[in-house]
Amino acid sequence: MSLLLKKEVNCGVEAEPNKPFAGLFFAVLLLILTGFIGIGEKTDQSGVVTEQDYRRAEALLNRNVQAKVLYSDIRPQWLDDDRFWYRVRTGEGFRFYLVNPETAERDDAFDHDELAESLEEALGRNIRASDLPFSTFRYVKGESAIRFVIDGDRWECDLDQYQCVDPDLPDRPPNSLLSPDRRWAAYIRDHNLWVRDMENGDDIALTEGGEQHYGFATNSQGWFRSDRPVLNWSPDSRKIATYRLDERDVAEMHLLETAEGRPVHESWPYALPGDDKVPMHERVVLDVENRTKVWLDIEPSHQRTSNCCGLERGDRWADIDWRDDASELAFVTTSRDYREVNLYIADTETGSVRHVYREKEEPFFESNLTSRGVPNWRVLFDRKTFLWFSRRDEWGHLYYHRLDDAGRIGRITSGEWNVVDLLHVDEQMGTVFFTAVGKEPERDPYRTHFYKTELPDGNNADSPNEDNAELLDGNSVPVDNSRTGDTPSIDNRTGDTSSDGTTGRHYAISEPLLLTAEDANHEISVSPSGRFFVDEYSGFRSPSVTMLRSSDGSDVMPLEEADITPLEETAWTMPEPFVVKARAGETDLYGLIYKPSDFDSTKSYPVVVNLYPGPQIGSVGTRSFTPVRRGQTHALAELGFIVVQMDALGTPLRSRSFHTHWYGDMSDNGLEDQIAGIRQLGERHDWLDSDRAGIYGHSGGGYATASALLRFPGVFKAGVASAGNMDNRGYTFYWGEKYQGLRNVEEVEGEDPYKSQAIWKKAGQLEDHLLLSYGTMDNNVHPNMTLLLVNELIRENKDFDLLVMPNRNHGYANESYHVRRTWDYFVRHLLKAEPPHEYEFN
């Protein structure tokens, strides 16, 4: 029963002191209304929220619980011979182990006690063997010594006498990238690319003539900038693939840093949807040994990667694949609208470029369905073939082609499921190892499993010039070779494929072998040879087990089993998975519910949705066990809320239609699915009050939150929208042009195709409580987009709340002050209680 109802009942009954039992009647009524006598209804969670409540919730912030899971989060560091070391958190601190898969033996990576004693003497401070002051190291000098960094200083310790000294090596330049053999460190100086010889300290200029906005290896993507170069080293450490970035005529974005006296102005190139001038890459190969520069004979490429997001994967420029001897370089270019990708092979000595393959897909192409996943294509130079990833039949699968004429040899995988990551290809044995989701029936379709399969027989290869080209469904479509001559291509706008417009035969596909049988989410790391892999598997409610396994899936040895005893000693509770139907009542949607530790099923709780709408990721995040989640969901729930996360339509790892459901209307944000979901949960559970709903999110989640309150007034009683891209005409061109479509301002007649997503134009529909926030130095999602909404709300004479975070960039959402203000907002407007005044986090 709500506070409003209490007030109405109290005001609607007038005392009649002349009637008998009147005093008793009012006493009983008061007890009922205050919850001391039940009347068959759920009681709500309205009332007082104390400092002790906030303190208990604070203890569940991600930063306070992330260290309370032991013997988990194993990240193997492989050596060339398939041995590996890893660091693990134990009950006493951290331990480093060295594992030999051949002998199934695990030993300490070094003598922790001896090393601690030596470091204590060298550093002049107390060092515990269980808390060594470094998290990574590498073996050197034939594994007779190790090197590591402490507080910026390098150390080398021999593993015999355990003497630790300065290795007296040249300093590594800041923001540099090491070659595979660690001989060279590449870095940017004055807009040119240099390398430092890490043996003698010599600095060598590999390019000249670089200038501002026209520099080599420049990492300037508008929404993201870094002083670290963007490049890809060849495996033999002799050559570098990079580009000269031309952004000379790209319009600039501007920010003002708050300072005493005059603010500090900052400007940088930042392309927006529809801009005529956008950043372009002029591709070049640099020979480090010979000091030569070879321009590739190809037109400048758009600043694109074949899947979201950004140019790099780890420390490598993505969409690059080298021949082992660096004589050839394979690369993929992506069109501005993301609908066309092309594979090329370059001769790194002459710069000549040969076009190999082209594919078109609407509404956009993806080479990997995870954000920042490594593109799932590989060139097998010795086999003269290549592997290719495509969603041409609704699902993400691998295909096998010849390199000389791109004729398709056959499919590698098939079915209503998705390949996630192509992790290893044994070129000699013809074996492919990959992770996938949705393949195992009756399991959560987002759980990752590990598989291997065989490459199709090259003797059965299709020819683009014969009448037997293999088709996915036996139908053919005309091929447009107007741009690429006779190069085979695929146009996926119809979902059909052909190399020559003819109907062909089908080949049998080898059924992938499941290597990870447990019904869990499997995080996989494969050894260099592919003969072994480390499998850490877990679930939302099942802590991880880490196994070393061989390439046939058999167990070699157990490594670790997570211990969550420290976590269980807090108020942290397991999230609860659920399944609901999407807006049309047909498609299954998956999510998590978070409850307070003192949850009482006889009470009624307001529900708060935490969301990130995609399209490159969803709200839920990893399907593995973790004590931390986006949005500090555990902590917020502890204040007396049911917090919900759900992956709605428009998020990845399902079918192509699922992922692209609201392409061209980004304001959709899957909100109708979120609403349908919480209403179904409210019907399913008496303790979840979907009529007292809130919503919050950051970045794209901030945009979705504002969209929810403005498009569906009355559904969400309160929302906190932080750093939202409220109008993608003001956000980076790569984002809007991929998910909303191209925007040619000069050709717009009447209706701007981006108008529908400009949520600030609906400010007049605000009926509920909205807290907006932005960082004044946000160089990703510019504050201007939130200010457009602020201005329109003022024009519409709407009440709202605004929190400005001076000199913060995009990543302020987890800052204590912002978290506390978010909590306060929901406590006031959903619990109808007063939060502790200016609560201060420890």
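Ala, Val, Leu, Ile, Met, Phe, Trp, Tyr, Cys and Pro count here as nonpolar, Asp, Glu, Lys and Arg as charged, and the others, Gly among them, as polar. The model is predicted: local features need pLDDT of at least 70, side-chain atom pairs count only at pLDDT 80 or more, and totals for chains, interfaces and linings use all residues. Residues are numbered from 1 along each chain as its sequence is written, and side-chain values use heavy atoms, with hydrogens and water left out.

View 1. A cavity is a set of points, on a 1 Å grid over the protein atoms alone, where a 1.4 Å probe fits but cannot get out; lining residues have an atom within 4 Å of a point. Grid points are joined across faces, edges and corners, and a volume is the space filled by probe spheres set on the points. Nine cavities of 30 Å³ or more turn up in the whole structure. The lining of the largest cavity comprises eight nonpolar, five polar and two charged residues.

**View 2. The second largest cavity.** Its volume is about 50 Å³. Among its lining residues are Phe364, Pro615, His659, Trp662 and Tyr739. By class, this lining has five nonpolar, four polar and no charged residues.

View 3. Gly664 sits in the loop between α8 (656-659) and α9 (671-684). Helices (H or I, at least four residues) and strands (E, at least two) are DSSP runs, numbered from the N terminus. Gly664 counts as partly exposed because its relative accessibility is 24%; buried means under 20%, exposed over 50%, and partly exposed in between (1.4 Å probe, protein chains only). Leaving aside residues up to four places away in sequence, Gly664 touches Tyr739, Gln740 and Ser756; contact means heavy atoms within 4.5 Å. The C-alpha atoms of Gly664 and Gln757 are separated by 8.4 Å, with the two residues 93 apart along the chain.

**View 4. A four-stranded open sheet.** The strand order is β2-β3-β4-β5, with antiparallel pairing. β2 (77-78) and β5 (105-108) are at the edges, each with a single partner strand, so one side of each lacks a neighbour in the sheet. Strands pair if DSSP finds at least two bridges between them. β3 (residues 84-89) and β4 (residues 94-100) pair over six bridges. Arg87 has Phe96 in β4 as its bridge partner.

Definitions and conventions: 1 Å grid on protein atoms, 1.4 Å probe; cavity = no way out; pocket = protein on both sides within 12 Å on 5 of 7 lines; lining within 4 Å.
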